[in-house]
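Colleague: Could you walk me through reading helix packing and loop geometry in a model like this one? I'd like the general idea and then the case at hand.

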Amino acid sequence: FQFLAFCFEWAGSNYGKDPTYVSHLPIGLDGSCNGIQHYSALLRDSRGGRSVNLIPAERPSDIYSDVRDEVRRLLLLRYDEDLARRWLTAGFDRKLTKRPVMTLPYGARQISCRRYVREWVVENREAFGLDPAKSGDKEEWELAVYMTPILWEAMGNVVIAAKTGMDWLQRVDWQLTENGTYTHWLSPAGFPVYQPYSKWDTKMVNIEIGRRLRLKIATTPAQVARHRSRNGIAPNFVHSLDSSHMVDTVLKAQAEGITSFAMIHDDYGVHAADT
């Protein structure tokens, strides 16, 4: 339907030839990796802030390219290693770093980073001299295993505040849940956020009523699922900041007389003429 709406407007503008035509399509503009924007702003990280466009510059920054360049620098330091030379010879673009960097402020770990790297290797087998028709061999795995800690280190060198902030939140969460308390906080918009991650002692009951059913019955009050809570705190905290940012933006826009909004998470809809 979005594409159909575009077709109607494209035809209505005489296929781009009518300069007087007024477009009404909402064009979605995303933040520059806004999870990292939040962490960089909170911790006053000028290195990460520069990469996600929080600091004035003559040209827009691209954090994925910045991490790619840092990966290349780290590989050059390992040039005497065969796999480092293979990666440098094959070459790699910002697509290698994009998914690991995007998911970092939402609690991603090295195991998911390795999966993304391997998928990139599979898509670029020919660059490594691998047969594109024989996906799934041992060399894909070796290349991904070698690259992952280097990419992880590069992200830490560029995105200093995000990793520091996530580690701090997880330590605080672990301390709070130690005495059985659910982690909770108040967002900047004044919204109370709770993490009711629970675990139960359960008893299995098998029942046959025409077919076999298996029921789980809680036998004790719920306890805090500490590991789930610790893993959830970083993404949930950032999402609470995202939502507060959106609420604040809407209120300020309304004060300026804007009454129509099109938004998804960190994506703000504007008209093409106002991008």
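This is a predicted model: local features need pLDDT of at least 70, side-chain atom pairs count only at pLDDT 80 or more; totals for chains, interfaces and linings use all residues.

Colleague: Okay, what span should helix α4 have, and what is the distance between its end C-alpha atoms?

Modeller: Helices here are DSSP runs of H or I with at least four residues, strands are runs of E with at least two, and both are numbered from the N terminus. The expected span is 1.5 Å times one less than the number of residues. For α4, residues 63-76, the 14 residues should span 20 Å, and the end C-alpha atoms are 20 Å apart, which agrees.

Colleague: Which residues of α4 are buried?

Modeller: Buried means under 20% relative accessible area, exposed means over 50%, and partly exposed is in between, using a 1.4 Å probe and protein chains only. In α4 the buried ones are I63, Y64, S65, V67, R68, E70, V71, L74 and L75. They pack against α2 (34-42), α3 (46-51), α5 (82-90), α6 (95-103) and α8 (138-158), where contact means heavy atoms within 4.5 Å.

Colleague: At what angle do α4 and α5 pack?

Modeller: Axes are lines fitted to C-alpha atoms, for helices over the stretch in contact, and angles run from 0 to 180 degrees between N-to-C directions. Under 35 degrees counts as roughly parallel, over 145 as roughly antiparallel, 65 to 115 as roughly perpendicular, and the rest as oblique. Here the angle is about 140°, with the axes 9 Å apart, so α4 and α5 are oblique to each other. On α4 the contact uses R72, L75 and L76, and on α5 it uses A84, W87 and L88. Those residues divide into 5 nonpolar, no polar and 1 charged; Ala, Val, Leu, Ile, Met, Phe, Trp, Tyr, Cys and Pro count as nonpolar, Asp, Glu, Lys and Arg as charged, and the others, Gly among them, as polar.

Colleague: Is the crossing of α7 and α8 left-handed or right-handed?

Modeller: A crossing is left-handed if the near helix is turned anticlockwise from the far one by less than a right angle, and right-handed if clockwise. α7 passes α8 in a right-handed crossing. Helix α7 (residues 110-123) packs on α8 at about 125°, with axes 8 Å apart. Among the residues that meet are C113 and V117 in α7 and W141 and L151 in α8. By class, this contact has 13 nonpolar, 2 polar and 3 charged residues.

Colleague: And what is phi telling me in the loops?

Modeller: Most residues other than glycine have a negative phi. Y15 lies in the loop between α1 and β1, and its phi is near 55°, a positive value. C33 also has a positive phi, near 55°; C33 lies in the loop between β1 and α2 and is buried, at 10% relative accessible area.

Colleague: Where is S13, and is S13 buried or exposed?

Modeller: S13 is in the loop between α1 (2-12) and β1 (27-30). At 8% relative accessibility, S13 counts as buried. Leaving aside neighbours within four places in sequence, S13 is in contact with D18 and Y21.

Terms used. Residues are numbered from 1 along each chain as its sequence is written. Side-chain values use heavy atoms; hydrogens and water are left out.
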